Amino acid sequence: MKQQLALTVLLALMLPQAMLRAAENMHLHGTLVEPPACVINGDQPIDVDFGKEVMTTRVDGTNYRQPLRYSLECADGVPTALKLQIQGSGAGFDKEALLTNKGDLGIALLSNGSRFPLNTWVNMTYPNTPQLQAVPIKRDGSTLTGGDFSAGATMMVDYQ
């Protein structure tokens, strides 16, 4: 009985060493890459003002279109193959448009005249940035009420 207990203790002590030796034969390696050294809009908010005369009956996805003016400055050595994304919450009636504080109103984003869906990466070649625009849209069949509206989003740039 003592011999069996001694053998069990000896095996228990040897097992972790055997597993440790096996782990020493494994080498893991890789390369950490820093995100692009780019600054969007000089680290300032991008502001789009639709003004104070957006008529509730004229919101149709075309009227009141505004340019989304921004800059992108990248350090030397950053690859020219980048991708751009605008992250935000989608409107309940159109997940590709930004949610506003008014339930039946959203803000659609356009890139070079075509819809720019939220939360989707779009490839670009630096320094040629997409020409972005924002335009109010409404839920089909809805009647908008007057008042201030706003929406928020985050623009991101990364390697392709």
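Phe50 is buried, with a relative accessible area of 14%. That value comes from a predicted model, as do the other values in this account. A residue is called buried here because its relative accessible area is under 20%, and Phe50 falls in that class.

The ring of Phe50 has a partner. Phe50 and Phe149 make an aromatic pair with centres 5.8 Å apart and planes at 40°, a geometry classed as tilted. Stacked rings would need planes under 30 degrees apart and edge-to-face rings over 60. The structure holds one aromatic pair. Phe50 sits in the loop between strand S1 (38–40) and strand S2 (66–68), while Phe149 sits in the loop between strand S10 (132–138) and strand S11, so the pair ties together parts that are 99 residues apart in sequence. Phe149 has a relative accessible area of 23% and is therefore partly exposed.

Two elements give two or more residues each to the lining: strand S7 (105–111) and strand S11 (154–159). S7 supplies the largest share, three residues. By residue class, the lining of the largest pocket divides into 19 nonpolar, 10 polar and seven charged residues.

The loop between S1 and S2, where Phe50 lies, also holds Asn41 and Asp43. Both residues concern the backbone. Most residues other than glycine have a negative phi, and most peptide bonds are trans. Asn41 has a positive phi, near 55°, and Asp43 has a positive phi, near 60°. In accessibility, Asn41 counts as buried at 17%, whereas Asp43 is exposed, with a relative accessible area of 65%. Leaving aside residues up to four places away in sequence, Asn41 touches Ile46, Arg69, Tyr70 and Ser71.

The peptide bond from Tyr126 to Pro127 is another backbone feature: this bond is cis, with omega near 15°. Pro127 belongs to the loop between strand S9 (122–125) and S10.

Ser111 is buried, with a relative accessible area of 14%. Its contacts, not counting residues up to four places away in sequence, are with Phe116, Pro130, Gln131 and Leu132. Ser111 and Val122 are 11 residues apart along the chain, and their C-alpha atoms are separated by 9.6 Å.

A side-chain arrangement of another kind involves Lys83 and Trp121. Lys83 lies over the face of Trp121, at 4.8 Å from the ring centre. The cut-off for such a placement is 6 Å from the ring centre, with the charge within 35 degrees of the ring normal.

Note on methods:
Residues are numbered from 1 along each chain as its sequence is written. This is a predicted model: local features need pLDDT of at least 70, side-chain atom pairs count only at pLDDT 80 or more; totals for chains, interfaces and linings use all residues. Side-chain values use heavy atoms; hydrogens and water are left out. Helices (H or I, at least four residues) and strands (E, at least two) are DSSP runs, numbered from the N terminus. Ala, Val, Leu, Ile, Met, Phe, Trp, Tyr, Cys and Pro count as nonpolar, Asp, Glu, Lys and Arg as charged, and the others, Gly among them, as polar. Rings of Phe, Tyr and Trp (its six-membered ring) pair if their centres lie within 6.5 Å; planes under 30 degrees apart count as stacked, over 60 as edge-to-face and the rest as tilted. Buried means under 20% relative accessible area, exposed over 50%, partly exposed in between (1.4 Å probe, protein chains only). Contact means heavy atoms within 4.5 Å.
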